[in-house]
Amino acid sequence: MYKRQPQEQVEIIDVAEEVAQALSLKAKNREMKIRISSDEDLPQVTADRAQVKQVIQNLADNALKYGLSGTEVTLGIKKCAQIPPSASFKTAPGEAVAISVNNKGPKISPENLARLTERFYRMQEHKDLNIKGTGLGLAIAKHIIIRHSGNLTVNSNGYNGTTFTLYLPVKQEN
C-alpha cells in the first residue's frame with residue numbers, strides 16, 4: 001500500500017484546530033462543543049499530515065455522533081515518554097505525542113471494545129438507534145496508525161464516557 005515512511009514534520013495542535021473548525025457546525029447542530037486542551041511546547045511528529053488529520057477527524061466525528069447531546073468533546077494533546085505496546089503490531093520507540101478524544105456517551109462494553117477496529121463492525125445499539133455508518137472509519141484509522149508505528153487505545157466507562165487515544169511517535173525509525 002505505502003512503501004515510504006511518513007516524512008513530514010506535523011504540528012498536531014494545528015491539525016486538531018482544523019478538525020475542530022471543520023466539525024463545528026455538526027457540534028452546534030447536536031448542541032455540543034469541541035474543546036482543545038494541550039501541553040505547552042509540544043514536539044512536532046514525523047507523519048503524513050493528511051492521514052493524521054483523517055484519523056483525528058474520524059475520532060472526533062465519532063465522538064460527536066455517539067456522544068450525548070448537550071455535552072462536550074475534548075481533544076487532549078500531550079507529550080508522552082513512549083507509545084504503549086501493541087500485542088499485534090510493532091510500535092516505535094521513544095517520545096510520542098498522545099491525542100485523546102473524549103466524549104460523554106454510553107459505556108462501550110468490553111466485547112464491543114475488542115471489535116471496534118474490525119472492518120464493517122458496528123455495534124447493535126447504534127444500528128437500533130439508526131445511527132448511520134459503514135463500520136470502516138476505525139478500520140482505516142488502524143491501518144494509518146500501523147503505518148505510523150503508533151497505537152490506539154480505548155477506555156470506556158459510565159462516569160467519564162469514552163476516550164480514544166492516538167499515539168504518534170515524534171520520530172520515525174528507518
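So, Asp 48 and Arg 147: these two form a salt bridge, with the closest N and O atoms 3.1 Å apart. By salt bridge I mean a side-chain nitrogen of Lys or Arg within 4 Å of a carboxyl oxygen of Asp or Glu. The pair links distant parts of the chain, 99 residues apart: Asp 48 sits in the loop between β3 (45-47) and α3 (49-66), and Arg 147 belongs to helix α6 (residues 137-147). Buried or exposed? Asp 48 is buried, and so is Arg 147. Buried here is under 20% relative accessible area, exposed is over 50%, and partly exposed is in between, with a 1.4 Å probe and protein chains only.

Quick caveat: this is a predicted model, where local features need pLDDT of at least 70, side-chain atom pairs count only at pLDDT 80 or more, and totals for chains, interfaces and linings use all residues. Residues are numbered from 1 along each chain as its sequence is written, and side-chain values use heavy atoms, with hydrogens and water left out.

Okay, back to the charges. The structure holds six salt bridges. Take Glu 72 and Arg 35, where the closest N and O atoms are 2.9 Å apart. This one also links distant parts of the chain, with Glu 72 in strand β4 (residues 72-80) and Arg 35 in strand β2 (residues 33-38), 37 residues apart. Glu 72 is partly exposed at 30% relative accessibility, and Arg 35 is partly exposed at 39%.

Then there's Lys 79 with Glu 95, at 3.6 Å between the closest N and O atoms. Lys 79 lies in strand β4 and Glu 95 in the loop between β4 and β5 (96-103), so the bridge ties together parts 16 residues apart in sequence. Both ends are partly exposed: Lys 79 at 41%, Glu 95 at 40%. And salt bridges with shared partners join Glu 18, Arg 49 and Lys 53 into one network.

Zooming out, the chain has six helices and seven strands; those are DSSP runs numbered from the N terminus, helices being H or I of at least four residues and strands E of at least two. Of the 174 residues, 44% are buried.

How far do we trust it? The chain averages a pLDDT of 85, and 83% of the residues score at least 70; pLDDT is the predictor's confidence in each residue, from 0 to 100. Where pLDDT is low, the predicted coordinates should not be read in detail.
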